[in-house]
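Student: Could we go through this fold together, one question at a time?
Tutor: Gladly, let's have a look.

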Amino acid sequence: MTASPGGHGPLTVADARAGFWCECLLTSAESDSTVLVGSFDAYAAGDAVRWIRIAVRMLISVVDAAEAEPVHEWLLFGSNPTAAVLERGESFAIALQHEPLRLAWSARPVRFLPLAHRTGRALPPCALEWSQPAALRSALTASQNPHLPARR
């Protein structure tokens, strides 16, 4: 059973925090495959829209003018309406096509469950049981040394 953040009983709907899950997917017509390029968890609709706008602005110059026209229009006039759509609980998506590649950004409302809090800095014993590179192993061991200053 998973405990609530306050440690008093199981998680409830009240423990979940409203937010928005954003993704960028790359699809290739040649290989008929889709790859997750990036994702972002936003707690405000404006932050979700901003993440998409920044990525779209960086890539819009490589697509042809006919493909870019509706996306240019969204960049100029679509931010506030898109944030309103997300706040109403609806999903949003926009895409750019360049030759056989298609990039699609989407945002949808979600509920984020809180992560369990660790009171100490020490990792559980099982964390050091898996095979890992020596540099990572020494970094993990050093991070558990109580005489070192805490990293932030």
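**Helices and core**

Tutor: Leu59 belongs to helix 1, which covers residues 45-59. Keep in mind that this is a predicted model.

Student: Is Leu59 buried, partly exposed or exposed?
Tutor: Its relative accessible area is 31%. Buried would need under 20% and exposed over 50%. Leu59 therefore counts as partly exposed.

Student: Which residues form a nonpolar patch on the surface with Leu59?
Tutor: The patch has about 360 Å² of accessible area together. Besides Leu59, its members are Ile54, Met58 and Val62.

Student: Which element gives the largest share of the largest nonpolar core?
Tutor: That core has 24 residues, and Ile52, Val56, Leu86, Ile94 and Trp105 touch the most other members. Strand 1 (17-28), helix 1, helix 2 (65-77), helix 3 (79-87), strand 3 (92-98) and strand 4 (101-112) each give two or more residues. The largest share is six residues, and it comes from helix 1.

Student: Which residues is Ile94 in contact with, leaving aside neighbours within four places in sequence?
Tutor: Ile94 is among the core residues that touch the most other members. Its contacts beyond those neighbours are Ile52, Val56, Val71, Trp74, Leu103, Ala104 and Trp105.

Student: What do the buried residues of helix 2 pack against?
Tutor: Those buried residues are Ala68, Val71, Trp74 and Leu75. In an α-helix there are 3.6 residues a turn, so residues three or four places apart point the same way. The partners of the buried residues of helix 2 are helix 1, helix 3 and strand 3.

Student: How far apart are the end C-alpha atoms of helix 2?
Tutor: Helix 2 has 13 residues, and at 1.5 Å a residue it should span 18 Å. The model agrees, with the end C-alpha atoms apart by 18 Å.

Terms used. Residues are numbered from 1 along each chain as its sequence is written. This is a predicted model: local features need pLDDT of at least 70, side-chain atom pairs count only at pLDDT 80 or more; totals for chains, interfaces and linings use all residues. Side-chain values use heavy atoms; hydrogens and water are left out. Patches are made of residues with over 30% relative accessible area and no salt bridge: like charges are joined within 9 Å, nonpolar side chains (Val, Leu, Ile, Met, Phe, Trp, Tyr) within 5 Å. Accessible areas come from the Shrake-Rupley method with a 1.4 Å probe; for residues, only the protein chains shown count as cover. A salt bridge is a side-chain nitrogen of Lys or Arg within 4 Å of a carboxyl oxygen of Asp or Glu. Helices (H or I, at least four residues) and strands (E, at least two) are DSSP runs, numbered from the N terminus. Buried means under 20% relative accessible area, exposed over 50%, partly exposed in between (1.4 Å probe, protein chains only). A nonpolar core is a set of buried Ala, Val, Leu, Ile, Met, Phe, Trp, Tyr and Cys residues joined through side-chain atoms within 4.5 Å. Contact means heavy atoms within 4.5 Å. The expected span of a helix is 1.5 Å times one less than its number of residues.
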